[in-house]
Amino acid sequence: MKDTNKHQGLRNQLAKVLEEKGITDKNVLEVIKKIPRHLFLNSSFEDFAYQDKAFPIGAGQTISQPYTVAFQSQLLEVKKDDKILEIGTGSGYQTAVLCLLGAKVYSIERQNELFKTTSLLLPKLGIRPKHLSFGDGYKGLPNHAPFDSIIVTAGAPIIPKPLMAQLKIGGKLVIPVGDKDQVMTMLIRKNETQFEKHEFGDFKFVPLLENKN
Ligand code: SAH
């Protein structure tokens, strides 16, 4: 669990790359500079941890590409103490970004192996999400709803209705929608029944899976 000056240098570089690719939110860029992404990856990928790429994290899953993490985080416009639900904890890197942006993070993962590893890793790095749970993200967390924002970090064939229902009025749901490729989609809840939809181009995610395991 070492974090060196060399890693810090690579992180500063990565933040620059993300800025060049169009990330403008200074808070997001600052947080990218702080989080030791190499510690979220298997040590054999350590040398590549600060490239703008996705990598395998076990259980057939991937840690999202830094640009994707930054892009989704930027869309959320996180304010301190925002209550945010994340679907797909995975490596915990996106969780860490949201925590360092000051959010109270609730996160769900359906792969038990990843849930266990990440639940141990985050506190070791001093990162404390409000609630990590093992289960099916399609259902959200009705007992903890409503949320200021919800972020889905796997490709969803459809927008799950329970997630829409668990959003505060004025809240945002950021979700990649589609089967093979996904369109980054943001729904803003206008009132009890109406949602405003915005789309932000194509991304590629591992699938959001339902009722397996
Ligand atoms: N935010 C993670 C992304 C991991 S990839 C990171 O940066 O590391 C997407 C994750 O979503 C995988 O870990 C996968 O197991 C999880 N996932 C897929 N379907 C899910 C579901 N229905 N509920 C919760 N998690 C799910």
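**Note on the pocket, cores and ring contacts of a predicted model**

1. The largest pocket is lined by 35 residues, and those nearest its centre are T62, G88, T153, A154 and V206. The structure discussed here is a predicted model, and the space in this pocket comes to about 460 Å³. Two or more lining residues come from each of strand 2 (61-63), helix 3, strand 3 (83-87), helix 4 and strand 4 (104-109). Of these elements, strand 2 gives the most to the lining, with three residues.

2. T153, one of the residues nearest the centre of the largest pocket, is placed in the loop between strand 6 (147-152) and helix 6 (161-165). T153 has a relative accessible area of 11%, and is therefore buried, the cut-off for that class being under 20%. Leaving aside residues up to four places away in sequence, T153 touches S64, Q72, E86, I87, G88, Q94 and F205. K33, by contrast, is 120 residues from T153 in sequence and 21 Å from it in space, C-alpha to C-alpha.

3. The largest nonpolar core has 42 residues, and L18, I23, F40 and Y93 are those with the most contacts inside it. At least two residues of this core are supplied by each of helix 1 (5-20), helix 2 (26-34), strand 1 (55-58), helix 3 (66-76), helix 4 (93-100), helix 5 (112-124) and strand 8 (182-189). Helix 3 gives the most to this core, with six residues.

4. Residues up to four places away in sequence not being counted, F40 touches I35, I57, I63, S91, G92, Y93, A96, L121, L122, L125 and I127. Y93, which is in that list, also has the charged end of R37 over its ring, 5.6 Å from the ring centre.

5. Helix 4 is largely enclosed by the rest of the structure, because seven of its eight residues are buried. The buried residues of helix 4 are Y93, Q94, T95, A96, V97, L98 and C99. Just after helix 4, G102 takes a positive phi of about 100°.

6. The structure holds nine aromatic pairs. In one of them, the rings of Y67 and F71 have centres 5.8 Å apart and planes at 40°, so this pair is tilted. Both residues lie in helix 3, four residues apart, which is about one turn of the helix. An α-helix has 3.6 residues a turn, so residues three or four places apart point the same way. Both Y67 and F71 are buried.

7. The rings of Y67 and F203 form a further pair, with centres 6.4 Å apart and planes at 5°, so this pair is stacked. The pair links distant parts of the chain, since Y67 is in helix 3 and F203 is in strand 9 (residues 195-203), 136 residues apart. Y67 has a relative accessible area of 18% and is buried, while F203, at 11% relative accessibility, also counts as buried. Through ring pairs, Y67, F71, F200 and F203 are linked into a cluster.

8. The peptide bond from A145 to P146 is cis, with omega near 5°, and P146 lies in the loop between strand 5 (131-134) and strand 6. A59, although not a glycine, has a positive phi of about 55°; A59 is found in the loop between strand 1 and strand 2, and at 27% relative accessibility A59 counts as partly exposed. E77 is likewise a residue other than glycine with a positive phi, near 45°; E77 is in the loop between helix 3 and strand 3, and with a relative accessible area of 52% E77 is exposed.

Methods. Residues numbered from 1 in each chain as written. Predicted model: local features only at pLDDT ≥ 70, side-chain atom pairs only at ≥ 80, totals over all residues. Heavy atoms only, no water. Core = buried A, V, L, I, M, F, W, Y, C linked by side-chain atoms within 4.5 Å. Buried < 20%, exposed > 50% of the residue type's maximum accessible area, 1.4 Å probe, protein only. Contact = heavy atoms within 4.5 Å. Phe/Tyr/Trp six-rings, centres within 6.5 Å; stacked < 30°, edge-to-face > 60°. Lys NZ or Arg CZ within 6 Å of the ring centre and 35° of its normal. 1 Å grid on protein atoms, 1.4 Å probe; cavity = no way out; pocket = protein on both sides within 12 Å on 5 of 7 lines; lining within 4 Å. Points joined across faces, edges and corners; volume = space filled by probe spheres on them.
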